[in-house]
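Please open the model in your viewer, with the sequence panel beside it, and follow the stops below in order.

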Amino acid sequence: MAAFQTTRRTIPMGDSEIIIEHGKLALQASGAVTVQWGDTVVLVTATHQALDRVVDFLPLTCNYQEMLYSAGRVPGNYFRREVGRPSEHETLTSRLMDRPIRPLFPKGCTNEIQVIATVISSDKERSADILAMLGASTALHISEIPFAGPIAAIRVGYRDGKFLLNPTATELATSQLNMILAGSRDAVVMVEGGAQFLSEDIMTEAVAWGHAQLGPLLDAQEELRKELGREKFTVTPPTEDTELIEAVAGLATAPLTEALAVPGKMDRRDAKKKVKQNLMEALMAKYAETPERIRGVGEIMEKLEKKIVRQRIMTDKIRIDGRDLTTVRPLIMEVGFLPRTHGSAIFTRGETKALCTCTLGSTRDEQRIETLAGDTSRRFLMHYNFPPYSVGEARMLRAPGRREIGHGALSERALNPVLPEPDAFPFTIRVVSDIMESNGSSSMASVCGGTLALMDAGVPIKTPIAGIAMGLIKEGDEYLVLTDILGDEDHLGDMDFKVAGSRDGVTSIQMDIKIAGIPAEVMQKALHQAKDARVHILDQMEALIAAPRGELSKFAPQMDIVHISQDKIREVIGPGGKNIKAICEATKADIDIDDSGKISIFAPDSVSLAKAREMVLYYDQKAELNKDYDGIVKKIMDFGAFIEILPGLEGLCHISQLARDRVNVVTDVVQEGDAIRVRVIDIEPSGRIKLSRKAIILEELGEEPEPVQPRSDRPRSDRPRGGDRPRGGDRGGPRR
């Protein structure tokens, strides 16, 4: 039998190894590899095709998908297959694949390029995301698609003062850092992750340490390229019209410089639009005979704008809105803005404004997620919305895209470490950030506004969190770090670096570098400069609301926890859930029952909470000695009747205790279903209950009932046994 002709490279990875292999799957793709770590295997393919239309952008698509068969699972949806929208994790991983490779395609490449990473085997311990990123670079590198790679990706953890290379899921559970890093041989190009209040110096060291681990992964890709690589197809870069560039510079430099000095975003946009309008009129008159030459004026103007802005910052150390390099824009905040939400806040930084709300729900409101590792749940949800009016645009409203999901995840990572533990605060927590205005770093405004909304809702967070976006301008060997960048500074600068955390350390970080790389000391400066800004923002946040409110909103769910006996759980639930459904319907409460007997009750108000509590405890009542109960006869035996005196609690009324006089047949006195009043005359250590109707009758007649000594109190020598036991009718019942 013929064998597959494969090529592979093995890279040692701690006590395991990563294997990159080509030759078995997807051989008609431009590039295809499987990347394996342990029993986790990801197939990554790269393909391209020419478009039948002219575009002025790079049509690149990156998709990551997890097949549930990879973990031996059948999808739980109606169709029993992987269909519909990708999960949030799949979307975020697709972004991780896209961000480091997108800048590495040549200008003028307009072929449609698609990279697909498919998880085809998963051991649930080793993450597939970094394998997908590594595979994306490798598939592109060996293909004919022009790609200025390779790049590699790893995950960095931190525990007990040591960094961890590609920690497993078990190791991550005790790690203070979960950071994904991607880079080339010369520089780090992307960082994304969360931390447990690590210092700026440790974060800087983590990035430098992680970059040093990329070498073997890059070497393996280069070796595969030498052995398998196809010849790259040629991309013709767009030609520059030197005469047009000079004409634009001569006509637009002065008015554009003046327009870029306008401090307000919308006013500045209008001023730039006016400059372009006047420029186009002049150029149309100049090139009336060759109007096609002026199609690229927009791109030329953008380059001119970038040059003017960067020169002003480098020369005068003055930014677009007149600030220096380290000043944070003016802050305006308000809490309790919305009367019926559980918590709300408005956070404004310059021309960026977020309206954040906090909603508390029961444990039933947790998000259920189907993953390769099994079904999980999330009790904290952070959702980010970016409506078109926030930037003065009019466009169709759509479902959250990759950007919205990515910004929400970044904010969620920032806030998650300060949330109270579920045992102390068992509510589901949802924070929504609706961006009202945007001019730079709305995700970090969401972190700040989210903190204020949590505190306004009375969520006992451990400490406030704030976030800031940092930028970079590099000209020659000079680097300038910018605090609190505007949208234009993000677009025209060399770095977008978002940092969130408390006064004590970093909780979330995201960095994209648009240049070849930055020295470690520049990154360290950016982190420390970000901390100064973060502390400044925290000072003003705490001046508004110093600590979480002492009580929840009156509109928030009211919560109580009761404990019942484990053997009573089935009674509370009832047959087919009948009892618990009745309680929820009557009280509008959500009730969560734990196998230990712990019952969490979430009700819309205190009255409903009290009623729900009473109805739950009704099924866990215990009989009291010498107390009378109205019961129902459940079962007739020849020696007596079993009577339910409380829900799920039965006792035996012996035939001798059914009436004042002797009873020969139980059914002469009671039938199944009869209502009967009885008294508890004994509770045995085993829990068995003895009842008497006779005692109540004698008492009503004014006669002294015969005292009954509890079985557990009787001396063993006094208990009848063996041949001394009365038989048959002497026991008050028929002979058996």
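This is a predicted model: local features need pLDDT of at least 70, side-chain atom pairs count only at pLDDT 80 or more; totals for chains, interfaces and linings use all residues.

Begin by selecting Thr110: leaving aside neighbours within four places in sequence, Thr110 is in contact with Leu51, Val55, Phe57 and Pro59, where contact means heavy atoms within 4.5 Å. Thr110 sits in the loop between H1 and strand S6 (112-121); helices (H or I, at least four residues) and strands (E, at least two) are DSSP runs, numbered from the N terminus. At 30% relative accessibility Thr110 counts as partly exposed, given that buried means under 20% relative accessible area, exposed over 50% and partly exposed in between, with a 1.4 Å probe and protein chains only.

Residues are numbered from 1 along each chain as its sequence is written, and side-chain values use heavy atoms, with hydrogens and water left out.

**The whole chain**

Zoom out and colour the protein chain by domain: domain 1 (7-228), domain 2 (242-316), domain 3 (331-394 + 402-544), domain 4 (558-618) and domain 5 (627-701), with bounds that come from an automatic or database domain assignment. The centres of domain 2 and domain 4, taken over C-alpha atoms, are separated by 68 Å. Along the principal axes, the C-alpha atoms of the protein chain fill a box of roughly 125 × 75 × 50 Å. The radius of gyration of the protein chain is 36 Å, whereas a compact globule of 736 residues would have one near 27 Å; the radius is taken over C-alpha atoms, and the globule rule is 2.2 Å times the number of residues to the power 0.38.

In cartoon view, the secondary structure of the protein chain comes to 16 helices and 29 strands. Of the 736 residues, 49% count as buried, and among contacts between residues at least 6 apart in sequence, 69% join residues at least 24 apart.

**The nonpolar cores**

Next, select Val115, Ile429 and Phe497, which are the residues with the most contacts inside the largest nonpolar core, a set of 129 residues. Domain 1 (7-228) and domain 3 (331-394 + 402-544) both give residues to this core, so the core lies between them. A nonpolar core is here a set of buried Ala, Val, Leu, Ile, Met, Phe, Trp, Tyr and Cys residues joined through side-chain atoms within 4.5 Å. Apart from this core lies another, of 29 residues, and Leu244, Met301, Ile320 and Ile473 are among them.

**Arg99**

Which side chain makes a polar contact with the side chain of Arg99? Select Arg99 in helix H1 (residues 88-101), and you will see that its side chain reaches that of Glu192 at 2.6 Å; a polar contact is a pair of N or O atoms within 3.5 Å, and within protein one must be able to donate a hydrogen and the other to accept it, while residues adjacent in sequence count only if both atoms are side-chain atoms. Arg99 is buried, with a relative accessible area of 16%. Beyond four places in sequence, Arg99 is in contact with residues including Met190, Val191, Gln510 and Asp512.

**Backbone stops**

Most residues other than glycine have a negative phi, and most peptide bonds are trans. Select Gly149 and Pro150, between which the peptide bond is cis, with omega near 5°; Pro150 lies in the loop between helix H2 (129-142) and strand S7 (152-159). Then move to Phe197, in strand S10 (residues 188-198), which has a positive phi of about 60° although it is not a glycine. Asn626 also has a positive phi, of about 70°, and is found in the loop between helix H15 (606-617) and strand S25 (628-637); at 57% relative accessibility, Asn626 counts as exposed.

**Leu691**

The C-alpha atoms of Leu691 and Arg293, which are 398 residues apart along the chain, are separated by 104 Å.
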